[in-house]
Amino acid sequence: MAEAQSKKTFPEDVVRLIFSNISSICQFHGLFFLPELKQRMAEWDSKPRIGDIIQKLAPFLKMYAEYVRNFDNAMQLICLWMEKCPRFQEIIEDIQRREVSANLSLRHHMLEPVQRVPRYELLMKEYLKKLPPQSQDRPDTEKALELIFSAAKHSNAAIAEMERLRRLWEVYKRLGVEEDFVDPSNELIKEGAIQKISLRRSSSTTERYLFLFNNMLLYCVPKVLQVGSEYQVRMKMDVSGMKVKELKDAEFPHAFLISGKQRSLELQARSSEEVDSWIQACEDAIEQNKKRNESFREAVQGTESKLEELGWRAPQWIRDNLVTMCMRCKEPFHVITRRRHHCRACGYVVCAKCSDYKAVLQYDQKRLNRVCMECFTFLNGELISHDQDERKRGILEKESAEVSKRSLVCSFLHLLDKSGKAGLRSWCVIPQDDPLVLYMFAAPQDVKAHTSIPLLGYEVKDVQAADPRHLFQLAQSSQLYTFQAESQERKQRWLSILSLVVSGDGSIAGDDDDSLDEID
């Protein structure tokens, strides 16, 4: 980072993308986890227990999921920039030659955090086995193991997501990545060679290849000259509206039919087991698609733009200054390369790529208007799935509007720089279901936080100087955050909530509506 900032030989963003949130993870261990463990080791004769410390800090291990999810991308960036930039390669090689690297590559060291949480889980299991049944530390240790297991699931889910995307990308390369069906949210369910029964030539079949995804079936032809891709897509069939059934045909045993809205395919497998496998896979895909569509209907019906009103009533537009990234793909806006647009059907602020569609809107005298992909597919009678909501989220991947509705406190705050000048203005939220973290968003409607601050262990300070700017501070060791509220009332509200949170008072996270009203 020092090289990138001083000599500009490569972009700072490259360093950030490679190392993801490792600085936050390191800060958590250096300022919280390790000091607590060292202190307990020093007191071990009088306090021979460790489960209480692990239980208190284990929820923060979920931070590793974001790092794990980014790992493959980080490895690719390192390879790319080592080939592209000689100075970048020199720095990496210099680091690897240092004694602290122990003759291991940077990639090897970067793999360590990926394996960290599973190792903690194994250590706690071994520790629990060694504890006597009547040990005072057993209840805390059992609870701590549950929390570490939860954090490990976050990491395992991130690894599974990486593997899914890797397999998906391999499939896309075999098909040709320029095709319009390339979508990272797709899930490959089944693939395999199959015989197509000819409708024109009797007793004739032709070799074909099928790729079944969660939302479509691709009917492909193997290419004779495999230049660029192995298969050519002959037909795409949407799972929505698809049907499948076995055929009883004496001339073609092991035959089955897949029919869609536009076309039907009579296919022949090599065995009855293979027929059953394809039919089961198709039926599962159809059932999952139905459930997702039902979930989407319920979600849209719960908003102001109800399904019955979409396209019939002018929507309430989200203001440009309330978002800093596309509300569909989550990519940040840029004044030149990614500009803001409004979907005329739902009112969301979206980028050009996510709003490159036209649909007839009844409220605008049935004229064609620019709409986002989700509204386009609905208005044209085809609902798409929202798998994005079902994936495991990283620590920063919390939607501001969603979290703010169920927060302990939320408002705009200025984060002051070291000179005391008002710097970054952020929408700050402490969620009710995650009260030990302060999330900072660039705007109230953003779908991803730009910063998260673990609050446990910080001291809350009220700045009572002659400065009239409504200041308060979060201080811990050498780390100091100074915030400016927009009024004295807002400041006092933040002070009261933060004082409860940093003290580790877990009761506020489970408060019912009445007690939350009292806090308000």
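Which residue in E6 is the bridge partner of Glu246? It is Phe256. I'll come back to that pair.

Some ground rules. This is a predicted model, where local features need pLDDT of at least 70, side-chain atom pairs count only at pLDDT 80 or more, and totals for chains, interfaces and linings use all residues. Residues are numbered from 1 along each chain as its sequence is written, and side-chain values use heavy atoms, with hydrogens and water left out.

The overall picture. The protein chain has 13 helices and 18 strands. Helices (H or I, at least four residues) and strands (E, at least two) are DSSP runs, numbered from the N terminus. The chain has 520 residues, and 43% of them count as buried. Buried means under 20% relative accessible area, exposed means over 50%, and partly exposed is in between, with a 1.4 Å probe and protein chains only. Now contacts, meaning heavy atoms within 4.5 Å. Take those in the protein chain between residues at least 6 apart in sequence: 53% join residues at least 24 apart.

Start with helix packing. Helix H5 (residues 64–84) packs with helix H7 (residues 106–130) at an angle of about 170 degrees, and their axes are 9 Å apart. That makes H5 roughly antiparallel to H7. Angles under 35 degrees count as roughly parallel, over 145 as roughly antiparallel, 65 to 115 as roughly perpendicular, and the rest as oblique. Axes are lines fitted to C-alpha atoms, for helices over the stretch in contact, and angles run from 0 to 180 degrees between N-to-C directions. On the H5 side, the contact includes Tyr64, Phe71, Ile78 and Met82. On the H7 side, it includes Leu106, Arg107, Met110 and Arg116. The contact divides into 15 nonpolar residues, no polar and two charged.

Seven strands form an open sheet in the order E4-E3-E2-E1-E7-E6-E5, with antiparallel pairing. Two strands pair if DSSP finds at least two bridges between them. At the edges are strand E4 (231–238) and E5, each pairing on one side only. From one strand to the next, the twist averages 35 degrees. E5 and E6 run antiparallel and are joined by five bridges. Glu246 and Phe256 are bridge partners here.

His254 sits in the loop between strand E5 (243–247) and strand E6 (255–259). Its phi is near 60 degrees, a positive value in a residue other than glycine. Most residues other than glycine have a negative phi. His254 is partly exposed, with a relative accessible area of 31%.

Ser20 also has a positive phi, near 50 degrees. Ser20 is in the loop between helix H2 (12–19) and helix H3 (22–42). Its relative accessible area is 25%, so Ser20 is partly exposed.

One more loop residue. Glu187 lies between helix H8 (138–175) and strand E1 (188–197). At 38% relative accessible area, Glu187 is partly exposed. Leaving aside neighbours within four places in sequence, Glu187 is in contact with Arg164, Leu212, Phe213 and Asn214. Glu187 and Asn215 are 28 residues apart in sequence, and 8.1 Å apart in space, C-alpha to C-alpha.

On to the other sheet. An open sheet of seven strands has the order E15-E14-E13-E12-E18-E17-E16, paired antiparallel. Strand E15 (451–454) and strand E16 (459–462) stand at the edges with a single partner strand each, so one side of each has no neighbour in the sheet. Here the twist averages 35 degrees from one strand to the next.

Two hairpins to look at. E12 and E13 pair over nine antiparallel bridges. Leu413 has Ser426 of E13 as its bridge partner. Five residues lie between the strands in this hairpin, where Gly420 takes a positive phi near 90 degrees. A hairpin through five residues also joins E13 to E14. Strand E13 (residues 422–431) and strand E14 (residues 437–441) pair over three antiparallel bridges. Cys428 partners Met440, and Trp427 partners Phe441.

What lies across this sheet's strand E12? Helix H12 (residues 488–502) does, at about 110 degrees to E12 (407–416), and H12 also lies across E13, E14, E16 and strand E17 (471–476). H12 has 15 residues and reaches 21 Å from its first C-alpha to its last, close to the 21 Å expected at 1.5 Å a residue. The expected span is 1.5 Å times one less than the number of residues. Buried residues of H12 include Lys491, Trp494, Leu498 and Val501.

Definitions and conventions: Ala, Val, Leu, Ile, Met, Phe, Trp, Tyr, Cys and Pro count as nonpolar, Asp, Glu, Lys and Arg as charged, and the others, Gly among them, as polar.
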